[in-house]
Amino acid sequence: MTIKEIQEEIVDEFSMFDDWMQRYEYIIDLGKSLPLIDEKYKTEDNIIKGCQSKVWVHGEQNDDKIVFTADSDAILTKGIIAILIRAFSNQKASDILEANTDFIDEIGLKEHLSPTRANGLVSMIKEIKMYALAFNAKN
Amino acid sequence: MLDINKIRADFPILTQKVNGKPLVYFDNGATSQKPKVVIDAIVKYYEEINANIHRGVHTLSQLATDAYEVSRGKIQNHINAKFPYEVIFTAGTTHGINAIANGFASILKAGDEVMVSALEHHSNIVPWQMLCEKTGAKLVVIPMNEEGELILSEFDKLLSDKTKIVTVNHISNALGTLNPIKYIIDKAHQFGAAVLIDGAQAVPHLKPNVQELDCDFYVFSGHKICGPTGTGVLYGKEEWLRKLPPYQGGGEMIATVSFEKTTYADLPHKFEAGTPNIAGGIVLGTAIDYLNEVGFENIQAYEHELLEYATSKLLEIEGLRIFGTAKEKTSVISFNIDGIHPYDIGTIIDKLGIAVRTGHHCAQPIMDFYKIPGTIRASFAFYNSKEEIDIFVEAVKKAKTMLS
């Protein structure tokens with residue numbers, strides 16, 4: 001599936017929820033189920049200091065695609081990471097660079113991607129794009 | 001006795017809804033809300049007397065200057081400073097601390113010591129670190145114990161003739177500890193060290209008496225005591241303010257200027273370069289009047305009641321730990337729940353209309369001491385109610401259930 005298709009699928013899923021509580025409960029569940037990043041990648045180098053919650057992100061090449069794994073010490077942040085990973089991982093670098101995160105607004109989580117939120121998510125998206133950029137330059 | 005319903009009616013923002021729920025504002029340690037008299041006074045200033053101060057011969061300038069100086073006098077009385085010119089208007093606590101740290105650059109030499117405490121806000125750490133880098137002086141830290149109290153026996157041992165300035169907060173922003181500043185001031189003076197008290201978190205709860213304390217400097221912000229943001233006070237003993245060089249150069253702070261030599265204006269203008277926050281300075285006086293009308297004894301008694309009530313209610317929650325259990329503390333509760341990140345709780349209770357601070361509270365060394373990423377901090381003011389505490393405790397319980 002393309003990033004766009006995955007994002008549409010996520011928006012669709014979220015449209016089933018009536019209120020914020022259901023959305024948050026879903027994110028919390030996602031946070032609990034996200035496959036953790038390999039401990040060896042939870043290094044100082046891979047850490048995004050978000051002030052409030054910490055985020056670790058690691059990217060790896062898999063043929064012509066990039067696979068991302070990530071983690072956070074806060075569960076809501078981790079749940080949103082799961083959504084972002086679902087959309088952006090295992091995709092081609094050029095597609096990642098072209099994609100945006102507008103779907104996050106549509107699923108009612110806009111405030112979590114605010115630059116003033118200090119949870120590390122904005123920096124994480126930047127990091128994902130940087131991986132893609134570096135990957136593109138290399139190939 | 002404090003009539004809570006009457007008080008709450010003074011604060012227009014308290015009727016706001018946030019995320020569809022009535023606002024419960026427990027982030028008073030970050031900034032206080034403003035009563036209608038303060039909001040009205042800002043409007044009145046701009047509608048009726050706005051003009052630049054200390055320079056015009058025209059009537060409005062005179063009115064604005066008078067109002068500004070009347071406010072200075074109110075602050076002088078409020079903190080019991082000896083002279084009005086010992087009260088310097090600043091943009092806030094951080095500004096005041098930087099002005100003094102900067103001034104001490106001309107006094108300190110390599111090998112001298114600057115003493116801070118383990119309980120400080122970053123704004124009372126970083127300016128002194130910068131000063132030490134500039135001068136080669138050493139930063140020395142008074143340690144704290146598990147309860148969040150300064151260890152005075154260690155403080156005694158750290159003091160020496162090398163100590164030139166000791167700078168501690170009156171009340172800790174992260175934990176609410178009320179520090180024994182009178183002891184610290186007297187002891188530091190025995191070694192000839194100056195003492196700066198960061199009163200940012202104290203002034204909402206008490207009326208500092210700077211002459212009785214005998215501190216050399218006392219700094220605080222206006223926005224934490226119902227005043228406008230961008231206002232603050234630096235109190236300094238006359239001899240110190242005369243001794244220290246000005247922090248900023250510019251208009252208002254000079255006596256004469258030529259390209260060969262500038263002489264500085266007398267106090268307090270020497271430390272008040274440029275056009276100040278005139279409206280802010282004037283209205284800070286209005287805010288102080290308001291607080292004195294409510295009465296600090298009433299405020300203290302009532303806030304203590306809120307603190308006790310909230311503490312006992314919160315401790316009913318299993319796995320909840322309060323950080324900062326000093327014998328002497330003000331209406332601040334910093335806490336965590338086992339296995340749950342403070343950010344998660346803060347985010348969920350925000351959805352329920354509750355404003356608290358989460359994170360390290362600009363006091364990372366304290367969080368490092370407890371080996372935690374941060375806490376949830378509820379800080380109460382005299383306009384908060386027990387009903388709000390009930391709503392808050394229920395919200396925390398709900399967040400805990402969702403996140404466990």
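In this predicted model, H361(B) sits in the loop that links β16 (357-359) to α13 (364-370) of chain B. Its phi is near 60 degrees, a positive value in a residue other than glycine. Most residues other than glycine have a negative phi, and most peptide bonds are trans. H361(B) is also buried, with a relative accessible area of 0%.

On the β16(B) side, 3 bridges tie the strand to β17 (residues 375-379) of chain B, and the two run antiparallel. Here one arginine faces another: R357(B) stands opposite R377(B) in β17(B).

Two other loops of chain B have backbone features worth a look. N19(B) is in the loop between β1 (17-18) and β2 (21-22) of chain B, and has a positive phi of about 50 degrees although it is not a glycine. While H361(B) is buried, N19(B) counts as partly exposed, at 43% relative accessibility. The other case concerns a peptide bond: the one from L267(B) to P268(B) is cis, with omega near 0 degrees. P268(B) is found in the loop between β12 (262-264) and α10 (278-294) of chain B.

Elsewhere in chain B, strand β4 (residues 87-90) has side chains pointing both ways. V87(B) and F89(B) point one way, I88(B) and T90(B) the other, and all are buried. β4(B) pairs with strand β10 (residues 232-236) of chain B over 4 bridges, in the antiparallel sense. Within that pairing, T90(B) has G232(B) in β10(B) as its bridge partner. Another threonine, T65(B), is found in helix α3 (residues 59-79) of chain B. With a relative accessible area of 10%, T65(B) is buried too. Setting aside neighbours within four places in sequence, T65(B) is in contact with I53(B) and H54(B).

Turning to chain A, the hairpin made by β2(A) and β3(A) has 2 residues between its strands, and D63(A) in the turn has a positive phi of about 55 degrees. The two strands run antiparallel and are joined by 8 bridges, with W56(A) opposite D71(A) in β3(A). β3(A) also pairs with strand β4 (residues 91-92) of chain A, again in the antiparallel sense, over 2 bridges. In this second pairing, I66(A) stands opposite Q91(A) in β4(A).

Helix α6 (residues 121-138) of chain A has 18 residues and reaches 26 Å from its first C-alpha to its last, close to the 26 Å expected at 1.5 Å a residue. Its buried residues are L121(A), M124(A), I125(A), I128(A), A132(A) and F135(A). They all lie on the same side of α6(A), because they cover an arc of only 105 degrees around the axis. These buried residues pack against β1 (47-49), β2 (54-62), β3 (65-72), α3 and α4 (93-98) of chain A.

Helix α3 (residues 75-88) of chain A has another partner in helix α1 (residues 3-14) of chain A: their axes come within 8 Å and cross at roughly 145 degrees. From α1(A), the contact draws on I3(A), I6(A), Q7(A), E9(A), I10(A), E13(A) and F14(A), and from α3(A) on I83(A), R86(A), A87(A) and F88(A). By type, the residues of this contact divide into 7 nonpolar, 1 polar and 3 charged.

Methods. Residues are numbered from 1 along each chain as its sequence is written. Chains are lettered from A and ligands numbered from 1 in the order in which they are written. This is a predicted model: local features need pLDDT of at least 70, side-chain atom pairs count only at pLDDT 80 or more; totals for chains, interfaces and linings use all residues. Side-chain values use heavy atoms; hydrogens and water are left out. Buried means under 20% relative accessible area, exposed over 50%, partly exposed in between (1.4 Å probe, protein chains only). Two strands pair if DSSP finds at least two bridges between them. Axes are lines fitted to C-alpha atoms, for helices over the stretch in contact, and angles run from 0 to 180 degrees between N-to-C directions. Contact means heavy atoms within 4.5 Å. Ala, Val, Leu, Ile, Met, Phe, Trp, Tyr, Cys and Pro count as nonpolar, Asp, Glu, Lys and Arg as charged, and the others, Gly among them, as polar. The expected span of a helix is 1.5 Å times one less than its number of residues. The arc is that of the directions from the helix axis to the C-beta atoms.
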